[in-house]
Structures are given as C-alpha cells and as structure tokens.
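Hello,

Here is the structure we talked about. Please open it and keep it on screen while you read my notes below.

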Amino acid sequence: MSVHHLNERLATDRSHRMLSIDGGGIRGVVALEVLSKIESELRGHTGKDDLVLSDWFDFIGGTSTGAIIATGLSMGMAVDELMSLYTERGKTMFKRAGLMERLWYNRYSHKELERILKETFGESTTLGTDRLKTLLMVVLRNATTDSPWPLTNNPKAKYNRVDCGDENNLHIPLWRVVRASTAAPTFYKAEEMQLGDNKFTFVDGALTPYNNPAFMMFLNATLPEYNLNWKATEEDLLLISIGTGMHPDSAPDLDPQKMNLLYTAKSAPKALIYANIIEQDKMCRLLGNCLAGDVLDGEIGDLIGTRAPLQKKLFTYARYNVDLTRKSLKRISCEHLADLPLELLDGVELIEPLREVGRAIANDRVSIEHFDKHCPFSSMSNR
C-alpha cells in the first residue's frame, strides 16, 4: 500500500473498521456468500459500484481458509474473484496425495495448494508488500514453540521492525504465511520456515484458540504492546466477524463404553475448536455492542443489547454464522439440506449446497444498519 494509505490505516485519531473470517476448509464459500452480500450493500450505500472490501475495511484477518480469503480481500480482490478460486479450483486444492503419503502423513497434496497460492498472491510477494491495501492478520500455530503466531503486516509490530534483520516477519513470502495457516494435520503437510538462524514448523491456525480470530484482532488493534493503539469505543471501532458454519457433535445416545482412544483422538480436536470459536465470539459480545449473532447457549442467549459487564462498550460488533444442524438450518429455510454432511472441511462436492446456506445467512442476518454509523459518505470520498 502507498505510504499515504498506510499512514491513514495506522492513524490513531480516526475510526476504524475490522473484518474477521473463520477457518473451515471448503466451507469458506459460506463466508464468501456473506461477504458478497456485505460488498453489495456497501456498494449501494456508498454509491461506489466498483467498491471492494479493502476500500472500506482497515484491518482484515483470517485463519486457515479464512486466511486465504482475508489475504485476497486485503490485496483488493473482489468477492466474486475469490469465489471463483474456490468453485473452479476447489477440487485441485483437495487433490489426493500419493498412496504412501496418504497412509502415513496427509490426505492431500500440499504442492497443488502451494501452486494455487503462489499464482494467486505472487511467489515473491512478502508479508510486507505494498500490494496489501489494508492491515492484514493471518493466524498460524508454531508447532516448534507450541504457540499461536498471529502475524500482521503492521510495520510498528515488534517483530516487523527494521532492526529485526533476517528475523523480520515482513520478509516472509505471503503465500507461505497463508499455506502455514491452512496446514491442517492429516490434511496437508506442515510448513517449514527459516527466520534468521531459526527454523520453525507451522501447522493450521485452527489449532490455536483463534480459528475465530475476531477477538485477537480486537486485541491486536488496541493493546499498546501491538503498537496500533486504536481507540476502543463503540463509535470508533467496528468489528464484523464471519463464520463458515459450525457443527456441534451432539450425541444424546453416546455410550461411554465406546469412548475409546480412537474416538477421543478423532473427537477431541474438533470439540476444542468448536468451543474456542464460541468463546471468542462470547468475548466479543461481552466487550462489544453486539448488533447481530445467533444464540450462544440456552442460559445466556445471544447477548444482543446487553450492557454488562461494561456500561461503555469497547467496539461495535456483528457476528454472521449458523450451526449446520437441522434446527438452525430450518430457521434460515435450509432444512432440505440438513441430511448432507455440510460439516466436512473437504466436501468439494458440497460447494453449491454450502453456497446456498451462505446466501441464506446473508439474507437473514446482514443489514446495512450494522454498518451505516461507521460509513459516512464523506469518508469514502477521501479514500
């Protein structure tokens, strides 16, 4: 991005708009349908028929498939371009690995995914590229250090400063950052990166608490240690969070005798990811003024409109997502899809039903009223 554009996005004396996108494999098309609706609404509201989401949002972040989408949006791609990437090349992204590789390591060829990411984002493009039109956050898990790595292109961040030398995160190829965020164990090979004298192994950012990265984006924008220092008021900060559909594994007839090692190995990671998605959403609703979101649980409801525990909320917040269960799908007129395995991360044959779910979520939930207080016409004329 240009120096002027970068300075504008980093400025602390103006309001800011953030967009967060969950992980979820091929279910990324659900989020893309919601994003398409947002893009369309903003085009109509601003009178700019060629508006793309990087024109409007200052900070875009994502995990796993959300990292692919967030990076494309940050580079100025229209939602339709990213949808084409999934619909036309989804099967290639999930191309089966060789037999021995499938038996011992991972199901799908990382080489095909790498090739697509290089073609889409550029083989020599780095995290510090001026092709990124917004601030960007991509969530990875560093398996070497056993820690989440939410990488950003903020030049003021501790590990992005010039004095970091060869260990400067901004020098990492952008495609490699995204590939690392999507390296789901058993799906793709882990990603190795050399930073100075250190070699690290990275896996899917979904294996951190931040498969839903919304609350981490808020922290990144406001904690002094991250060096953005944006104003934390509901008038100055808007956070829009997009899910890819969730599928709680309720099992009312579960027999404890069947909960063996194999059952636990298969179910525990999914259960933890689901719980973390809910918890990050809950934190956003408690600290932010929540305008939209499904019921979190039967005891606390959806927390829309609640002022506790803070009388002054720290940001305005909207969450667009749905459980892929019959009950929830019925509420958005998609009950006819309830018997399909929509929860699959690699269900490329389910792209069209998933898009239908995404359109239903968008039509049911997205409202320009969630955006208009942070969308003065005058601000668009200055971009």
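Strand E4 gives the most to the lining of the second largest pocket, with five residues. Bear in mind that this model is predicted.

Start with that pocket. Its volume is about 470 Å³. It is lined by 19 residues, and the closest to its centre are Trp149, Pro150, Leu151, Tyr159 and Asn169. Two elements give two or more residues to the lining: strand E4 (147-152) and strand E6 (198-204). Sorted by class, the lining holds 10 nonpolar, six polar and three charged residues.

Now go to strand E2, residues 59-63. Five of its five residues are buried, so the strand is largely enclosed by the rest of the structure. Check both faces. Phe59, Gly61 and Thr63 are buried on one side. Ile60 and Gly62 are buried on the other.

Which strands pair with E2? Strand E1 (residues 16-21) does, in the parallel sense, over four bridges. Strand E3 (residues 135-142) also runs parallel to E2, and five bridges join the two.

Last, the confidence. The mean pLDDT of the chain is 90, and 90% of the residues reach 70 or more. Residues 377-383 are another matter. There pLDDT stays under 50. For that stretch the model has 16 contacts beyond four places in sequence.

Best wishes

Technical notes
Residues are numbered from 1 along each chain as its sequence is written. This is a predicted model: local features need pLDDT of at least 70, side-chain atom pairs count only at pLDDT 80 or more; totals for chains, interfaces and linings use all residues. Side-chain values use heavy atoms; hydrogens and water are left out. On a 1 Å grid over the protein atoms alone, a cavity is a set of points where a 1.4 Å probe fits but cannot get out, and a pocket is an open set with protein on both sides within 12 Å along at least five of seven lines; lining residues have an atom within 4 Å of a point. Grid points are joined across faces, edges and corners, and a volume is the space filled by probe spheres set on the points. Ala, Val, Leu, Ile, Met, Phe, Trp, Tyr, Cys and Pro count as nonpolar, Asp, Glu, Lys and Arg as charged, and the others, Gly among them, as polar. pLDDT is the predictor's confidence in each residue, from 0 to 100. Contact means heavy atoms within 4.5 Å. Buried means under 20% relative accessible area, exposed over 50%, partly exposed in between (1.4 Å probe, protein chains only). Two strands pair if DSSP finds at least two bridges between them.
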